[in-house]
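Visitor: Before we discuss any packing, please show me the model and its sequence.

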Amino acid sequence: MVFTSNPLSLSVPDPFFESWLRDNGYPEIIDQHTSTAITTSSAATADAASITNGFFISLFSRIFTLFSLFTINPFSKLTNDDLAAQTPPWTTAFFGSSESYSFPLSVSQARMRVQENVKRYSRNYATLFVLFFACSLYQMPLALVGLISCLALWDVFKFCSERWGLDQYPIVRQCLIRFAQCVAAVILICSNVQMAIFCALTVSYAGMILHAGFRKLTSAKQAPRGRSK
C-alpha cells in the first residue's frame with residue numbers, strides 16, 4: 001500500500017508506517033486505505049484496458065481472493081487474552097450494517113481482515129459453533145442419544161467410584177476407567193457423534209472465514225468488547 005505524501009510530515013517508509021499501524025491497533029486504517037488505493041488504481045487504468053479484458057481479470061482476481069480465504073490460518077494471531085475477553089455485542093459489533101461488508105480486493109487485505117476479525121470476534125464464533133453443534137444433534141437424534149448416554153455413563157462411574165471407595169484401589173479404578181473409555185468410544189462411534197461434530201465444525205469454520213474476510217475492520221471504539229445482549 002502507498003500513502004499520500006505530505007511535505008510537512010516526516011519521511012517514513014510505507015512498510016514501517018504500516019507495521020506501526022498494525023502494532024498500535026489501527027488495522028482499520030490500512031484496510032480502508034487499501035480498498036481506496038486499489039479502487040482508484042482500477043479506475044485510472046480503465047481507459048487503457050478494454051472492458052472485456054478488465055472484466056475477466058477482475059472476475060478471476062475475485063475468485064482467486066475468495067478461494068485464498070480458505071488457505072489462511074485464522075488463528076495465527078489469536079491469544080488467550082482474546083478468548084478471555086468479553087463477547088462483543090452481536091448487533092452493533094459482530095453483524096453491523098450492510099455498509100460494514102465489502103469484498104476483499106487483495107489476498108493481503110483478506111488475510112489481514114481474517115486474522116484481525118478472528119481476534120476480535122473469537123467468542124462470537126465459538127458461540128456459533130455451539131449453536132451449529134446443537135442444530136446438528138437436533139437433526140441427528142441418534143447422536144444426541146449417544147452423547148447423553150456417554151455423559152450418563154461417566155456420572156454413574158463417578159457415583160460408583162465415590163460410593164465404593166475406589167480411590168483406595170488405584171489399579172482397579174484405572175482398569176474401570178479404561179473400560180468406561182472404551183465403552184464411551186463405541187457408543188460415540190455407533191451413534192455418529194463424530195459426524196455431528198464434523199458438520200458443526202465445517203459449517204462454523206466456513207461461516208467464520210467468510211464473515212471475517214468480508215467484514216470491514218472497524219476502530220476499537222466502534223466495536224467495543226461489551227457484553228452480548
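**Helix 7 against helix 10**

Guide: Helix 7 (residues 122-139) and helix 10 (residues 193-214) pack with their axes 8 Å apart, at an angle of about 145°. Axes are lines fitted to C-alpha atoms, for helices over the stretch in contact, and angles run from 0 to 180 degrees between N-to-C directions; helices are DSSP runs (H or I, at least four residues) numbered from the N terminus. This is a predicted model, in which local features need pLDDT of at least 70 and side-chain atom pairs count only at pLDDT 80 or more, while totals for chains, interfaces and linings use all residues. Residues are numbered from 1 along each chain as its sequence is written, and side-chain values use heavy atoms, with hydrogens and water left out.

Visitor: Is Ala196 buried or exposed?

Guide: Ala196 lies in helix 10 and touches Phe133, Ser136, Leu137, Met140 and Ala143, leaving aside residues up to four places away in sequence. Because its relative accessibility is 0%, and buried means under 20% relative accessible area, exposed over 50%, partly exposed in between (1.4 Å probe, protein chains only), Ala196 counts as buried.

Visitor: Which residues does Ser204 touch, not counting residues up to four places away in sequence?

Guide: Ser204 belongs to helix 10 and, at 12% relative accessibility, counts as buried. With residues up to four places away in sequence not counted, Ser204 touches Phe129 and Phe132.

How values were computed
Helices (H or I, at least four residues) and strands (E, at least two) are DSSP runs, numbered from the N terminus. Contact means heavy atoms within 4.5 Å.
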